[in-house]
Amino acid sequence: MILLRQLFLPVLLFFLVVAQWQQWLSLDLPLSTLIALSISASALALGVFFKASRIATAAILLLALLVGMEYSQWSPSGDELRFWLALGALNVALVSLTRDRSLFSLFGLALLLLFVAQATGGHYLLQGCCGDVLSAQWSPAAGLPLVDALLGDMRLSDLLLWSSLLAAVLAVFWHRDQVSIGLLGAIALLVIAYIGGEGALLLVTTAIGLLLILLVLRTAYDLAFLDELTGIPSRRAYSRYLLTLGSKYTIAVVDIDHFKKLNDTHGHQVGDQALRMVAAKIARYCGGRAFRYGGEEFVVVMRGANRERAEKALERMRKKIADYPMGIRAANRPKKAGAKGRKNRGQGGGRKIHTTVSVGLAMSGAKTRTPEEVLEAADKALYRAKRGGRNQVCAAS
Ligand SMILES: Nc1nc2c(ncn2[C@@H]2O[C@H](COP(=O)(O)OP(=O)(O)OP(=O)(O)O)[C@@H](O)[C@H]2O)c(=O)[nH]1
């Protein structure tokens, strides 16, 4: 597999050179087709590069559709085009339901083989024996009026298309991530091509290619700038955000109290759970931008240097965290579902704990001109909050 991964790009380039030389591929195409092809190929390359295999696989399907249209002698009827679009949409939905795995894994190769088998099988079936199947409609089934009403006017391709939309919606609920939302968007665009026919195809494939590129870039951005554990922006994002600040701003440092004790008493998993809970509350109630600075420390940046407003927001945030009863997960929590598993899940035997935070804040001003100086002043204020008994907000004097 490693050899395959390393040889992928040279082999692809070699194939392109040979294909051009042998005139299997011609670049003598309309500009709009070349643009659509280049955008889809770029989405594929970015997907492979950033290991976003679901996006890369969707790009492969898109390229297959474009290449099929442009390079084969195939000029599809309306019914045929709708069939291929619906089959493409179904495969995108299938990809959306899977997890990101390397394209060069056995699973990735099996998926590619499945696409090739579908393309060849479908092509020969439609050209050969079974072209009629495309225009065939549902024949009423005895005693099933609801099914008849639902499937009444549907052709095979309609059924494939609606199933793919349904599967993609399921994938969104299952994964709850932006890739599955993006792939649902790609299927919605395929629906437009399905309705618009050949005239809409190039525009739609170009739009899907652009959507896939944006999706890879967004995923890469999140990898670089979001904290993996808590999901809020990381220290790197904080450094970037500082570059956008004007001269008046407030920085607060938020630190979880007695976090080492919490880890020692309940274990690191519960510690992580507390970090996630606190991060979510800070992001929601802090009144500015929240970042995980490192360990159990967060920073909040607010535009403007209004001490009263900042203190009010941070005090509310502190109280929300202190009042939140966090149900702790039992270390011996059963993995399998079942009556016992359900009873203990998320409860740690029914126990709730309360976590508190201490906050120090400082504003930019005559003595604190740079963000580093403001952060240092906020850190000193935090130290006073800890010394003063924790679970409080202190402002730099
Ligand atoms: N579970 C978990 N623990 C972490 C993580 N990062 C840092 N820690 C722990 O955070 C603890 C920080 O402890 P201290 O700096 O002594 O602070 P504290 O116990 O909160 O004490 P005070 O700040 O004085 O209230 C250490 O035990 C670290 O192991 C993490 O990502 N997950």
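How many residues does α8 have, and what distance does α8 reach from its first C-alpha to its last? The answer is 19 residues and 27 Å, close to the 27 Å expected at 1.5 Å a residue, where the expected span of a helix is 1.5 Å times one less than its number of residues. The model is predicted: local features need pLDDT of at least 70, side-chain atom pairs count only at pLDDT 80 or more, and totals for chains, interfaces and linings use all residues. Residues are numbered from 1 along each chain as its sequence is written.

**Figure 1. Overall organisation of the protein chain.** The secondary structure comprises 15 helices and 7 strands; helices (H or I, at least four residues) and strands (E, at least two) are DSSP runs, numbered from the N terminus. Domain 1 covers 26–126 + 154–225 and domain 2 covers 235–330 + 347–395, with bounds taken from an automatic or database domain assignment. A distance of 43 Å separates the C-alpha centres of domain 1 and domain 2. Of the 397 residues in the chain, 32% are buried. A residue is buried if 20 or more other C-beta atoms lie within 10 Å of its own, exposed if 12 or fewer, and partly exposed in between, with C-beta atoms placed from the backbone. Among contacts between residues at least 6 apart in sequence, 68% join residues at least 24 apart; two residues are in contact if their C-beta atoms, placed from the backbone, lie within 7 Å.

**Figure 2. Helices α8 and α9.** The buried residues of α8 include Leu 183, Ala 186, Ile 187 and Leu 190. After α8 comes Gly 197, with a positive phi near 75°. Helix α9 (residues 198–225) has 28 residues, which at 1.5 Å a residue should span 40 Å; the end C-alpha atoms of α9 are 41 Å apart, in agreement with this value. Among the buried residues of α9 are Leu 201, Val 204, Ile 208, Leu 211, Leu 212 and Val 216.

**Figure 3. The nonpolar cores.** A nonpolar core is a set of buried Ala, Val, Leu, Ile, Met, Phe, Trp, Tyr and Cys residues joined through C-beta atoms within 7 Å. The largest such core has 49 residues, and Ile 55, Ala 58 and Leu 212 have the most contacts inside it. Two or more residues each are given to this core by α2 (31–49), α3 (53–71), α4 (78–97), α7 (156–175), α8 (178–196) and α9. The most come from α4, with 11 residues. Ala 58 is in contact with Val 92, Val 95, Leu 183, Ala 186 and Leu 212, leaving aside its neighbours within four places in sequence. A second, separate core has 44 residues, including Phe 298, Val 359, Ala 378 and Leu 382.

**Figure 4. The shell around the ligand.** Of the 16 residues around the ligand, Phe 259, Lys 260, His 268, Gly 271 and Gly 295 come nearest; a residue is near a molecule if its C-beta atom, placed from the backbone, lies within 6 Å of it. The elements giving two or more residues to this shell are β1 (249–256), α11 (259–266) and α12 (268–285). By residue class, the shell holds 4 nonpolar, 5 polar and 7 charged residues. Here Ala, Val, Leu, Ile, Met, Phe, Trp, Tyr, Cys and Pro count as nonpolar, Asp, Glu, Lys and Arg as charged, and the others, Gly among them, as polar.

Figure 5. The 18 residues of α12 should span 26 Å at 1.5 Å a residue, and the end C-alpha atoms of α12 are 25 Å apart, which agrees. Buried positions of α12 include Val 270, Leu 275, Val 278 and Ile 282. Arg 276 lies in helix α12 and is partly exposed, with 16 other C-beta atoms within 10 Å. Leaving out residues up to four places away in sequence, Arg 276 touches Leu 229 and Thr 230. Arg 292, in strand β2 (residues 289–294), is buried, with 27 other C-beta atoms within 10 Å.

**Figure 6. Positive phi in two loops.** Most residues other than glycine have a negative phi. His 258, in the loop between β1 and α11, has a positive phi of about 50°. Asn 391, in the loop between α15 (371–387) and β7 (393–395), has a positive phi near 50°. Both are partly exposed, His 258 with 14 other C-beta atoms within 10 Å and Asn 391 with 19.
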